[in-house]
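Trainee: I am new to this one. Please bring it up, and let us go through it by question and answer.

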Amino acid sequence: MATLEIRDLHVTVEADNATKEILKGVDLTVKQGETHAIMGPNGSGKSTLAYSLAGHPKYTVTGGTVTLDGEDVLEMSVDERARAGLFLAMQYPVEIPGVSVSNFLRTSATAIRGEAPKLRTWVKEVKETMAGLQMDPAFAERNVNEGFSGGEKKRHEILQLELLKPKIAVLDETDSGLDVDALKTVSEGVNRVRESGEVGTLLITHYTRILKYIKPDFVHVFANGRIAASGGAELADQLENEGYEAYTKGGPVSGGNSGGAAA
Amino acid sequence: MAEAQNTPAGSTTAGSIAVAAESTVATRMSAPPSFDVADFPVPHGREEEWRFTPLERLRGLHDGTAVANGGGVKVAIEAPEGVTVETVGRDDSRLGKAGTPVDRVAAQAYSSFEQASVVTVAKEAVLTEPIRIAVHGEGGVAYGHQLIELGAFAEAVVVIDHTGDAVLAANVDYVLGDGAKLTVVSVQDWDDTAVHVGQHNALIGRDASFKSIVVTLGGDLVRLHPRVAYAATGGEAELFGLYFTDKGQHQEHRLLVDHNTPHCKSNAVYKGALQGDGAHAVWIGDVLIQAAAEGTDTYEMNRNLVLTDGARVDSVPNLEIETGEIVGAGHASATGRFDDEQLFYLQSRGIPAEEARRLVVRGFFAELVQQIGLPDLEARLIEKIETELKASV
């Protein structure tokens, strides 16, 4: 069973000629089949965690370890991490001029699977997955993310998630900017992947809204660059009612959590 | 994390749509067109038409010091039946009809060539095989002139393939009879030491179609002037271009479409990728719609993809309209960079860095390469681009 283990992860970023520590000792274990929600206010470092796991060059790991099934993830290049089974659904996917969605998906699937998927079954697989996400087939001929609406970008990210079938999926604010219908469609896509039982999901979000559609097994509150509290789904309800204030002030954590990974 | 897309990189893009009483395209030149080199002053580099060009790298083509030494280029022409190939002297009356040199180097070429190649496709001949003109540089200085003339309703594909090393100034005239269809692929696959300057003049007959694909990959300095004018109504011109500008290379394409006649069409699409320190691409797209040219339909576009730091693009579309009675006129220019965010996105989907670059560049050029329609040439050019891509990444 695939396991992602994050231990005492420290990450810095260069901003305005100064080095700033964003992650200050993150501990988290995500196992295949589990869904973890990471919730926190803006600027708490949630997205930094997501991009650091994927290996974005902007972030420097200054301490701690990340392993996937015992393999050192931090030693791997960005593409090696993806091929090892890590997937990041991005909040702001970038445009790739001149590369069509269909060409991109096939190149990516070939890299991840280690061989080119058979054309006939592949075309069918893509079509069906797109239909499940209510995407127009013509979408496949557009350039990657070029001129996509916010909702189209998110569907395209989840389309990749479904096709690439990672061991660990990190969804960075996939719910942001989506209307309720789009949120439902996208969540159904995520749930189809979860139902396989073969993916560990790390759902990063600011709002509890998406948790109505994607039920987490664990909820973690992220504040000041680390996990400040962990609990079950009920912790999300508490956050919905009380907000993040209790955590951002660095004060003691109020009840309702079952302990866990808090540093 | 900030959204980074299509941020300009070391580039300038300027554009203008002028509604002018007199032609600014003409007045921007430092001298009126002429066949005689003596009518052009030696450029100093600040003239509008020379300001992007490093004169010192022209190896004397611009100031009269480059003297032809007989070992310049070898021209070999392969033509199917129905085509007449001749080598003629300077006094042949067919030469120079498609256009007049607009700058000193073009005039130098016209004043200096000793023999010209004339390729004639007979009236109504429809060729099934391309005409192949191989221009191979032998390391010396050369001046040349070529004329490709299609009779009425003739159809032909011509490939002009430049390889090797040379300092070459040469003009090409394309004369299309009524209803003729000509596709020309001009490939600049020079060694990295070559210098090539030339003016390509197309004169398009009534209801004739001209399609030009200019592919510039090599050379230390390449500066081409593809120009189009219409001899009668109903003509169509498609001008496609593709350049891959490497470290230290200067590649300049200066287009002019002169809509001097009613009811003609033109469409220009040039795309370039650049990589490496000192790579410099220049694209000038001048479209002139004269007062008489009612019913004109024209569009021009230039796209640049900057792959690394240190490369520079100057892209200047100009559209000058002297009549409002037209079907359409537009232009677009954009310079984007293949940046770390794009690379990260593709890599995060398991695609190795080198393949990610290849994917992007291949996709970027695909629509232009497909215009060539000759599988062997298309394959060679794609391979060449991918080799260059690997070389300096």
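Trainee: How do the residues of the lining of the largest pocket divide into nonpolar, polar and charged?
Mentor: A pocket is an open set of 1 Å grid points where a 1.4 Å probe fits, with protein on both sides within 12 Å along at least five of seven lines; lining residues have an atom within 4 Å of a point. Asp, Glu, Lys and Arg count as charged, Ala, Val, Leu, Ile, Met, Phe, Trp, Tyr, Cys and Pro as nonpolar, the others as polar. In this predicted model, the lining of the largest pocket has 14 nonpolar residues, 13 polar and one charged.

Trainee: What pLDDT do local features need?
Mentor: Residues count from 1 along each chain as its sequence is written, chains are lettered from A and ligands numbered from 1 in the order written, and side-chain values use heavy atoms, without hydrogens and water. Totals for chains, interfaces and linings use all residues, side-chain atom pairs count only at pLDDT 80 or more, and local features need at least 70.

Trainee: Which strand gives the most to the lining of the largest pocket?
Mentor: Strands are DSSP runs of E, at least two residues, and helices runs of H or I, at least four, numbered from the N terminus. In chain B, β3, β4, β5, β6 and β7 each supply at least two lining residues. Among the 28 lining residues, Val73(B), Val75(B), Gln115(B), Tyr143(B) and Gly144(B) lie nearest the centre. With seven residues, the top contributor is β6(B).

Trainee: Which helix supplies the largest share of the lining of the second largest pocket?
Mentor: This pocket has 19 lining residues, with Arg358(B), Leu359(B), Arg362(B), Gly363(B) and Ala366(B) nearest its centre. Both chains contribute: α3 of chain A, and α4 and α5 of chain B, each supply at least two residues. Its lining holds eight nonpolar, six polar and five charged residues. The largest share, nine residues, comes from α4(B).

Trainee: How many residues of β7(B) are buried?
Mentor: β7(B) runs parallel to β6(B) over 18 bridges; two strands pair if DSSP finds at least two bridges. β7(B) also pairs in the parallel sense with β8(B), over eight bridges, and eight bridges join β7(B) to β9(B), again parallel. Buried means under 20% relative accessible area. β7(B) is mostly covered, and of its 22 residues the buried ones number 18.

Trainee: Which residue in β9(B) stands opposite Leu176(B)?
Mentor: Val135(B) stands opposite His162(B) of β7(B). Asp161(B) has Val187(B) of β8(B) as its bridge partner. Opposite Leu176(B) stands Ile204(B).

Trainee: Over in chain A, which residue in the turn between β4(A) and β5(A) has a positive phi?
Mentor: β4(A) pairs with β1(A) in the antiparallel sense over eight bridges, and Arg7(A) has Thr65(A) as its partner there. Two bridges join β4(A) to β5(A), also antiparallel, with Leu68(A) opposite Glu71(A). These two strands form a hairpin with two residues between them, and the phi of about 50 degrees belongs to Asp69(A).

Trainee: Why is the pair of Tyr110(B) and Phe113(B) edge-to-face?
Mentor: Rings pair if their centres lie within 6.5 Å; planes under 30 degrees apart are stacked, over 60 edge-to-face, the rest tilted. The structure holds eight aromatic pairs over all chains. In this one the centres are 5.4 Å apart, and the pair is edge-to-face because the planes stand at 80 degrees.

How values were computed:
Rings of Phe, Tyr and Trp (its six-membered ring) pair if their centres lie within 6.5 Å; planes under 30 degrees apart count as stacked, over 60 as edge-to-face and the rest as tilted. Buried means under 20% relative accessible area, exposed over 50%, partly exposed in between (1.4 Å probe, protein chains only).
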